[in-house]
Amino acid sequence: MSKTVTARAHTNIALVKYWGKKDPKLMLPQNGSISLTLDHFYTQTSVTFDSNLNRDQIYFDDQLLPATKSRRISRFLDLVRQQSGAEAYAAVHTENHVPTSAGLASSASGFAALAGAASRAAGMNLDNTALSRLARRGSGSATRSIFGGFVEWHAGHDDASSYAEVLQDPIDWDIQMIAVVLKATRKPISSTAGMARVVKTSPYYPAWVKTAKTDLKRMRRAITAKDLTTVGQIAETNAMRMHALNLSAQPAFNYFTAATLTAINAVTDLRAHGVNCYYTLDAGPNVKIICAGKDTDVIKTALQRHFAPEQLIVAKPGPGITFTETE
Ligand code: DP6
């Protein structure tokens, strides 16, 4: 038996979103993106390459996944074997502290943790830039989950130039997200398939790529200026443009539920009453509210008219990937 490496990676929520690939094989995005890594949601994954195994064994919360469900992970392990020269199959144990398939970006923390644990267990010693490139091959949003705080993923033009880096970490000003966790239904369409359909069929896609560039520039400036209002405004508009792409695809799709719209309206109402808060949404029904910690109580009280207290999870800026090793 060789060494076991455990990695913990936190999820991130994009403020300027990745929604479309330029190169699906290398996982190069159409545009750069900026996110905030969160402390509350994370994945912890342990990997051991073991020459006694006759296939990869992937356990989610101690349950062995059938081969049909673990194919994407096995393919990623093939890439690690190819890059490291390791030959053995791997045992992978994953604990997800994120509601899966509900738009809280479990693939971001999932593939970041897997990239970290698998590459180290296979004897590679990648720096965080190289690790973010490797995580990208598992899932685009995982590129950013290697780092803490505000992170930018540079779109790049090839494997070497498409990686993430820290924009600001630690964050010494008051910004947080309140996740409104709605019923975790299965997605109508995966993010991978949804974005591919949008690139192919939405007549608005070129406008998205163009406005994303402006959003990136303005978001970088707003983060440097520690300007919550501008960060929130750009993020909210950017999120709605992403969802407008989905509505304009052929065939159209969306990730909203009735409860999603209730949460969006509650945020808009709060803002009309002077509370500085904004929403963003990903490939699922959940709404994430961008706000200052000092406004937590007033926002939670307003949302509790519609949602149970346990559906409202407060998350602060979170850290980058961490490791532990055992022989
Ligand atoms: C809406 O990273 O899940 O969360 O690269 O195909 O695995 P794949 O997609 P994924 O897409 C995430 C999209 C998003 C926006 C974002 O995180 O930037």
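## Cis peptide bonds

P251 lies in the loop between helix 6 (228-247) and helix 7 (258-272); helices (H or I, at least four residues) and strands (E, at least two) are DSSP runs, numbered from the N terminus. The peptide bond from Q250 to P251 is cis, with omega near -5°. A cis peptide bond also joins D169 and P170, where omega is about 5°. P170 is placed in the loop between strand 9 (164-168) and strand 10 (176-180).

The model is predicted: local features need pLDDT of at least 70, side-chain atom pairs count only at pLDDT 80 or more, and totals for chains, interfaces and linings use all residues. Residues are numbered from 1 along each chain as its sequence is written, and side-chain values use heavy atoms, with hydrogens and water left out.

## Positive phi angles

Most residues other than glycine have a negative phi, and most peptide bonds are trans. D62, although not a glycine, has a positive phi of about 70°. D62 belongs to the loop between strand 5 (57-60) and strand 6 (63-64). With a relative accessible area of 67%, D62 is exposed; the classes are buried (under 20% relative accessible area), exposed (over 50%) and partly exposed (in between), with a 1.4 Å probe and protein chains only.

K226 is likewise not a glycine and has a positive phi of about 55°. This residue lies in the loop between helix 5 (205-224) and helix 6. K226 counts as partly exposed, at 39% relative accessibility.

Helix 2 (residues 106-121) should span 22 Å at 1.5 Å a residue, and its end C-alpha atoms are 22 Å apart, which agrees; the expected span is 1.5 Å times one less than the number of residues. Just after helix 2, G123 takes a positive phi of about 90°.

D127 lies in the loop between helix 2 and helix 3 (128-138). A polar atom of the D127 side chain is 2.8 Å from the backbone nitrogen of A130. The C-alpha atoms of D127 and A90 are separated by 22 Å, the two residues being 37 residues apart along the chain.

## A buried asparagine

N31 is found in the loop between strand 3 (28-29) and strand 4 (33-50). At 3% relative accessibility, N31 counts as buried. The N31 side chain reaches the backbone oxygen of K17 at 3.0 Å. The side chains of N31 and W208 are joined by a polar contact of 3.0 Å, that is, a pair of N or O atoms within 3.5 Å; within protein, one must be able to donate a hydrogen and the other to accept it, and residues adjacent in sequence count only if both atoms are side-chain atoms.

## The ligand site

Domain 1 (4-172 + 318-326) and domain 2 (176-315) both give residues to the shell around the ligand, so the ligand lies between them; the bounds come from an automatic or database domain assignment. Among the 18 residues around the ligand (a heavy atom within 4 Å), Y18, K21, S139, S141 and R144 come nearest. Helix 4 (residues 191-201) contributes the largest share of the shell, three residues.

An oxygen atom of the ligand is 2.6 Å from an N or O atom in the side chain of S139, and the S141 side chain likewise has an N or O atom 2.6 Å from a ligand oxygen. A polar side-chain atom of T192 lies 2.7 Å from an oxygen atom of the ligand. Taken alone the ligand exposes 460 Å², of which the protein buries 96%; the areas come from the Shrake-Rupley method with a 1.4 Å probe, and for residues only the protein chains shown count as cover.
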